[in-house]
Amino acid sequence: MTTAATPKVNLLDFDRQGLRDFFVQIGEKPYRAEQVMKWIYHDLEDNFENMTDVGKALRAKLTEVCYIGAPKTLLDKVATDGTHKWLLGMDSGNAIETVYIPEPTRGTLCVSSQIGCALNCQFCSTGAQGFNRNLSTAEIIGQVWVAAKYLGNVTHQNRRITNVVMMGMGEPLANFENVLKAMKLMRDDLGFGLAAKRVTLSTAGMVPLIDQLSDAIDVSLAVSLHAANDDLRTELMPINKRYPLAELLAACQRWVARKPRTSITFEYTLMKGINDQPEHVRQLIKLMRKLPTCKVNLIPFNPFPGTQFKRSDANDIHQFQTQLLNAGVLTMLRRTRGDDIDAACGQLAGQVADRTRRSADIKKRQEEGASHAV
Ligand code: SAH
């Protein structure tokens with residue numbers, strides 16, 4: 001009698017507890033899971049045969065029932081400023097992007113959570129690509145694994161990757177369980193061992209899931225704000241209709257109250273004539289008074305093909321920041337990195353086999369617009 005072979009399990013899909021459970025399930029002691037985990041994340045080893053402190057019989061068994069499978073690199077590019085971008089192949093012609101941003105005192109990896117994004121923020125190139133599916137835990141933590149291996153990351157001292165931000169393609173809270181497991185592996189000492197303040201999740205504002213996240217793990221939170229009044233924010237980010245500013249800010253206040261030693265960073269992308277005027281800065285200052293320990297991160301808009309938005313003028317950006325600082329709001333200006341390889345914020349597009357009609361609709365509108373123009 002022949003039975004269909006059980007598909008092999010990818011060990012990158014498990015956090016520490018899941019890996020222990022898996023080892024028990026295959027009749028092994030749970031501590032073996034920790035031994036293997038160290039090989040995977042500290043030594044970046046994906047071949048059981050090289051795990052010298054694992055017995056021969058167990059190595060053979062593991063080879064039979066499971067594997068360590070990180071995403072495949074289709075393309076990797078380096079920008080003139082040293083920013084790296086990897087295009088990683090997924091199933092069915094999809095691909096996602098991961099970006100590494102080296103700075104003098106840290107190295108930040110920007111990780112994707114979904115193939116495309118369903119939220120349709122008007123100024124985001126991932127949004128314009130529509131949505132295909134959530135990434136698995138293996139596909140999320142696999143991005144860190146691939147980059148770490150490429151960069152020759154070492155654990156603890158002199159790491160190349162000192163920070164991870166869930167700011168690539170997708171809305172991480174919309175893929176809650178898989179993102180949570182992957183962030184547990186980023187934080188775990190037997191994983192990448194990063195402190196809570198060095199792992200950041202950025203959300204467009206899925207309010208109930210912000211509360212759920214604060215229960216589940218200690219990480220840092222960034223919230224994409226982009227407008228401090230509901231009308232404009234709803235125009236730019238349709239999710240604001242479902243979770244308007246008052247609800248979003250209340251969730252942020254709950255987050256800060258529960259994690260008194262942390263703060264929240266509010267991302268504000270500056271678009272010329274849209275959200276960069278004096279009235280907008282006044283609204284933002286007023287809003288930030290409700291969250292006095294939080295910060296603002298200003299991002300000059302990064303253009304992408306087909307967008308109607310433009311980057312604010314340098315002078316307006318400067319004015320905007322100065323007014324916030326004068327009002328006592330801690331404000332940083334994000335330097336644009338990697339824009340010559342389309343690796344800057346909001347430029348990550350990968351290849352999305354769109355399941356929504358969005359990318360087709362946008363293309364049609366652009367074509368109509370172009371024919372009207374002639
Ligand atoms: N979906 C999550 C994760 C994306 S993070 C979120 O919305 O927070 C990427 C950050 O870049 C977000 O703050 C996003 O709003 C911002 N962004 C998107 N498109 C951009 C663009 N074209 N230029 C500059 N920033 C952009």
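Start by selecting C345: at 33% relative accessibility it counts as partly exposed (between 20% and 50% relative accessible area, with a 1.4 Å probe and protein chains only). C345 sits in the loop between strand 14 (331-333) and helix 13 (358-373). Beyond four places in sequence, C345 is in contact with I299, N302 and R334 (heavy atoms within 4.5 Å).

A note on what you are viewing: this is a predicted model, where local features need pLDDT of at least 70 and side-chain atom pairs count only at pLDDT 80 or more, while totals for chains, interfaces and linings use all residues. Residues are numbered from 1 along each chain as its sequence is written, and side-chain values use heavy atoms, leaving out hydrogens and water.

The unreviewed UniProt entry places the feature "active site" at E97 and C345. E97 lies in strand 5 (residues 95-102), and at 8% relative accessibility it counts as buried (under 20%). Show K85 too: a polar contact of 3.2 Å joins its side chain to that of E97 (N or O atoms within 3.5 Å, one able to donate a hydrogen and the other to accept it).

Now move to the ligand. The shell around the ligand has 21 residues, and the closest are F123, S202, S224, H226 and N302 (a heavy atom within 4 Å). Zoom in on H226, where a polar side-chain atom lies 2.6 Å from an oxygen atom of the ligand. Then pick E267: an N or O atom in its side chain is 3.2 Å from a ligand oxygen atom.

Note on methods:
UniProt positions are given in the numbering used here, feature names are shortened, and annotations may be inferred rather than shown by experiment. Helices (H or I, at least four residues) and strands (E, at least two) are DSSP runs, numbered from the N terminus.
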